[in-house]
Amino acid sequence: MPSQRVAFGTSGHRGSAFNNAFNEDHILAITQAICLYRASQGTDGPLFIGKDTHALSEPALVSAIEVLAANGVETMIDDHEGYTPTPVISHAILGYNHKRTSGLADGIVITPSHNPPPDGGFKYNPANGGPADTDATGWIEKTANDFIKAKLKGVKRMPYEQALKAACIHRHDYVTPYVKDLDKVVDLEAIRVAGVKIGIDPLGGAAVHFWAPIIERYKIDATVVNPAVDPTFRFMTADWDGKIRMDCSSPYAMKSLVAMRKKFDIAFANDTDADRHGIVAGSFGLMNPNHYLATMIAYLFENRPKWKKSSAVGKTVVSSGIIDRVAGKIGRKLVEVPVGFKWFVDGLIDGSFGFGGEESAGASFLRRDGTVWTTDKDGLIPGLLAAEITAKTGRDPAENFAKLTKKLGTPFYERIDAPATGEQKAILKKLSPEQVQAKELAGEPITAIFDKAPGNKAAIGGIKVVTENGWFAARPSGTEDVYKIYAESFRSEKHLHAIQEEAQALIGQTFASIKPA
């Protein structure tokens, strides 16, 4: 069945064992495909592998090690059989590859991100440390499905106990190098001196055992409010639809930490693989992800004197327009790219991006000296930066954002879903500006319509329509019979709703006027 095939996108393969979308065959086939892919690329250094706290992650790690050992891949597993966040794998790859031109490392992270407890996930980071590009993921997906079709013929494997004793399997300390480097990206001494009171909720995820060493090393006043690890995640409050998700940007999933906000100057959480952040300001509560991205950008570019003057602000096309206004205010180039953190990788490596951020609460930024930190999203450093912002400015991030909006305007932003058939989603994905007939949107002249990101001319997989005080973008969902409408107004909530209504009508008219191919 199509739903049981390997679907290996930028975020890897995800699924549930209950519907045969994530099982042993998937892991064996994908791992063998990765072994072949890295060999084809000449990547013959160590492979750094980590897992999160989902129930399926441990058995998936076992299966992966069996294949990696049988293929003779030099593999680095956690020395305490612990959990490893996505950014820590990226940091390890970049650290190993620094100044190397051969024998390069890559990595695997076993995680379905913030997905519900029954899900599993498996993703690959090549030698640049970031999410794999579409060429890599397409090759791995096809090869893995070929192995499954052939009933795993060609997949090398050895028993787990034997694999652990193989000369190519090595125990590795993931915690110390990452923790030791943190003060090179965030001013932890300023946080300590100011006595900022911090609350941290790992949401039962992979960062859980990193915080104690961080607190101890840097002597910051931080408390881990819930150190529990439980694969049922029974301590989580339910998300908007009653499901359990470790989504640190959801007000539903973050209820417990928000309820504690008066106990701390700043509090924050991460999702299960710690590549996303949720910021709870003592003065306000849970910040909108876009609002915090803008706050970070405004602060970082004015408080990192060693960053190059040419380093740009990177954002996705569906992130808030407040970021555009902040970039203009601080005199930095703005580079708008399609959805997906892979578009920021090269710029973070060479410093042409100082910051890369997504509307879904994912970001990374350069070290204080202007060199690369990670090329995948890091949820830990935005949380610690919130404490630095509080320490250095005397205001928490929400208060800093309020100050920004007085000068730049207040954004009203929301994402909604609308129903669409498979045929309609295919139309939307290939829609061109010439096919959109509208001249006005919510009472304002349309100033731009584009299907390619202004920053790199790559297809956005949909359409974006812009006016002076608002915009919307429409993109098909890859997993459901809906399309997503991202919309924003700088006038009012009422104007936002008008944009949303007219966007749905405009897309509906477009569906009606175009015959499916």
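This is a predicted model: local features need pLDDT of at least 70, side-chain atom pairs count only at pLDDT 80 or more; totals for chains, interfaces and linings use all residues.
Let's start inside. The largest nonpolar core has 75 residues, and those with the most contacts inside it are L182, I198 and I220. Helix α10 (residues 289-300) gives this core its largest share, 8 residues. If you click on L182, look for L188, I214, Y218, W373, I381 and L384 around it: L182 touches each of them, leaving aside residues up to four places away in sequence. There's also a second, separate core of 39 residues, with A33, L56, A60 and A136 among its members.

Next, the helix pair. The axes of α11 (residues 322-330) and α14 (residues 397-408) come within 11 Å and cross at roughly 80°, so α11 is roughly perpendicular to α14. On the α11 side the contact uses I322, R325, V326 and K329, and on the α14 side F401, L404, K407 and L408. By type, that contact splits into 5 nonpolar, no polar and 3 charged residues.

Now the sheet. It's open, with 5 strands in the order β8-β7-β9-β10-β11 and mixed pairing. β8 and β11 stand at the edges with a single partner strand each, so one side of each has no neighbour in the sheet. Strands β9 and β10 run antiparallel and are joined by 5 bridges; A267 stands opposite V280 in β10. Helix α8 (residues 211-218) packs on this sheet, touching β7, β8 and β9, and its direction makes about 165° with that of β8.

Here are some of the strands:

| Strand | Residues |
|---|---|
| β7 | 198-201 |
| β8 | 222-224 |
| β9 | 266-270 |
| β10 | 277-281 |
| β11 | 285-286 |

Key: Residues are numbered from 1 along each chain as its sequence is written. Side-chain values use heavy atoms; hydrogens and water are left out. A nonpolar core is a set of buried Ala, Val, Leu, Ile, Met, Phe, Trp, Tyr and Cys residues joined through side-chain atoms within 4.5 Å. Buried means under 20% relative accessible area, exposed over 50%, partly exposed in between (1.4 Å probe, protein chains only). Helices (H or I, at least four residues) and strands (E, at least two) are DSSP runs, numbered from the N terminus. Contact means heavy atoms within 4.5 Å. Axes are lines fitted to C-alpha atoms, for helices over the stretch in contact, and angles run from 0 to 180 degrees between N-to-C directions. Angles under 35 degrees count as roughly parallel, over 145 as roughly antiparallel, 65 to 115 as roughly perpendicular and the rest as oblique. Ala, Val, Leu, Ile, Met, Phe, Trp, Tyr, Cys and Pro count as nonpolar, Asp, Glu, Lys and Arg as charged, and the others, Gly among them, as polar. Two strands pair if DSSP finds at least two bridges between them.
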